[in-house]
Amino acid sequence: MSRTYLYLLLFLLLKQFLFSQINEEKCDALRNFGKFYENPESSGIQSSKLFLSYQHQIGAIDGEDSNQKDFKDDFEEVRRFWMGLSGTFGTYWKYKAVSQLSNDRHNYPVSSAGAYRQWGHETFRAANITFDAGKFWNFEKFDSMEIGYGRRTGRMADEWQRSSTMINCLERSSFSNKLWLYDKEKGNPLAAWIKWKSGTNTFDTAIFSGTYRDYIGGWNDSKVYYASWLGDFAETSSYELHQYWLSYYKQDGSISEDRLAGGNDWALAFVNRIGTAPWALHSTLAWGNNGDQTSSIREGDFGGIVLMPMYWLKKDKFKLVGRYQYQKSSQAEGIKLNSRYIPLADSRNSSIDLNSGRGDKHQAIYLGLNYYACGENLKLISGIQYDDLSSGGTDQFNGWTIGSSFRIWF
């Protein structure tokens with residue numbers, strides 16, 4: 001029996017044993033488990049909540065490289081182990097800090113024992129404070145206004161509007177990851193922002209820094225200017241869910257500086273979400289430019305689309321999730337497979353050639369089934385995906401990836 005099938009069997013046994021013991025009372029206890037302090041009357045700390053996210057994942061690949069060589073690989077990993085603290089203080093202030101405590105990725109150093117899995121603080125996924133300006137100044141024209149400073153997510157695609165604890169697929173699409181404003185450690189960067197809501201409209205403006213330093217960071221390198229608008233029209237629509245989201249960023253920085261999003265010069269994304277129970281459709285349409293790169297064939301324009309239809313087979317328990325992604329670039333290596341396991345298989349096996357996961361056209365189709373024991377707080381996500389990456393009309397990779405993930409958070 002291969003490791004993949006053994007891991008899958010263990011996952012199914014875990015689901016059967018653990019999830020069968022769950023009832024609504026236990027779900028409520030899980031959701032509120034981290035809340036340990038609340039005193040609204042205090043002039044100092046008014047509430048504090050512990051955050052924990054644990055995700056254990058298995059996966060397997062069966063594919064063909066650029067030389068038409070077949071290869072297989074399988075994986076078992078702690079996908080995420082994050083801990084943090086959030087809360088309120090001084091009536092108008094909020095704080096949040098989340099540490100990544102596991103190094104279970106191919107791009108981190110292998111230990112002396114030859115193991116990929118390492119434990120300990122790696123980087124902060126979030127570290128910020130926000131000020132409730134709307135409540136403090138009581139603006140009549142705004143329903144809310146927030147001013148913030150610290151590390152946060154620079155969201156563009158639909159899949160990045162949902163946190164890692166609430167995504168619908170096993171992994172985000174490569175195209176959504178290409179748009180994401182990640183720093184050089186593949187984390188969320190430092191930013192200063194103002195976010196406000198008025199009626200059906202929500203606006204978010206921010207300046208992000210390319211400079212990476214653990215915890216907060218600095219402003220010594222590139223700057224990214226970001227703006228977004230979210231319109232929620234569900235109240236006046238025939239759909240229960242009806243949203244539009246438009247977002248844009250422009251990066252100002254040289255190739256010698258730390259930059260975000262792999263150096264992208266700019267990107268523009270349009271997101272639409274519609275749905276009426278039991279179905280929903282999320283879509284992302286986006287364009288951008290790769291900016292200056294170390295090789296001219298990795299520069300130029302790019303664009304793509306992601307369509308994600310979803311259907312509840314059983315309300316709040318079983319969800320069927322599909323996804324189609326297409327991305328293309330004007331240069332031979334202008335896009336990349338920002339996937340979880342294909343680059344890992346490439347780094348593990350020196351006999352295969354995947355062109356570092358780069359090409360000029362990439363299509364992917366995903367089908368998954370999610371089981372929710374306690375809503376988003378305790379679930380099992382499983383899916384299978386087919387990828388086809390080419391460059392100049394020549395295949396660089398095509399093949400299947402299958403995986404399953406146990407996820408719990410509070």
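The structure is a predicted model, in which local features need pLDDT of at least 70 and side-chain atom pairs count only at pLDDT 80 or more, while totals for chains, interfaces and linings use all residues. Residues are numbered from 1 along each chain as its sequence is written, and side-chain values use heavy atoms, with hydrogens and water left out.

Side chains of opposite charge can pair when their charged atoms come close. A salt bridge is a side-chain nitrogen of Lys or Arg within 4 Å of a carboxyl oxygen of Asp or Glu, and the whole structure holds 15 salt bridges. In one of them, the closest N and O atoms of Asp-28 and Arg-31 are 2.9 Å apart. These two residues are separated by about one helical turn, because they stand three residues apart in helix α2 (residues 24–31). Helices (H or I, at least four residues) and strands (E, at least two) are DSSP runs, numbered from the N terminus. Together with Glu-24, Asp-28 and Arg-31 are linked in a network of salt bridges.

Another salt bridge joins Arg-340 and Glu-77, with 2.7 Å between the closest N and O atoms. This pair links distant parts of the chain, 263 residues apart: Arg-340 lies in the loop between β15 (335–336) and α5 (342–348), and Glu-77 in strand β3. With a relative accessible area of 13%, Arg-340 counts as buried; Glu-77, at 4%, is also buried. Buried means under 20% relative accessible area, exposed over 50%, and partly exposed in between (1.4 Å probe, protein chains only).

The backbone also deserves attention. Most residues other than glycine have a negative phi, and most peptide bonds are trans. Gln-68, however, has a positive phi of about 60 degrees, and is placed in the loop between β2 (45–64) and β3 (70–89). A cis peptide bond, with omega about 15 degrees, joins Ala-277 and Pro-278. Pro-278 is found in the loop between β11 (266–276) and β12 (279–289).

A further loop, between β17 (361–372) and β18 (378–391), contains Asn-377. This residue is buried, with a relative accessible area of 9%. Leaving aside residues up to four places away in sequence, Asn-377 touches Leu-30, Arg-31, Arg-407, Ile-408, Trp-409 and Phe-410, where contact means heavy atoms within 4.5 Å.
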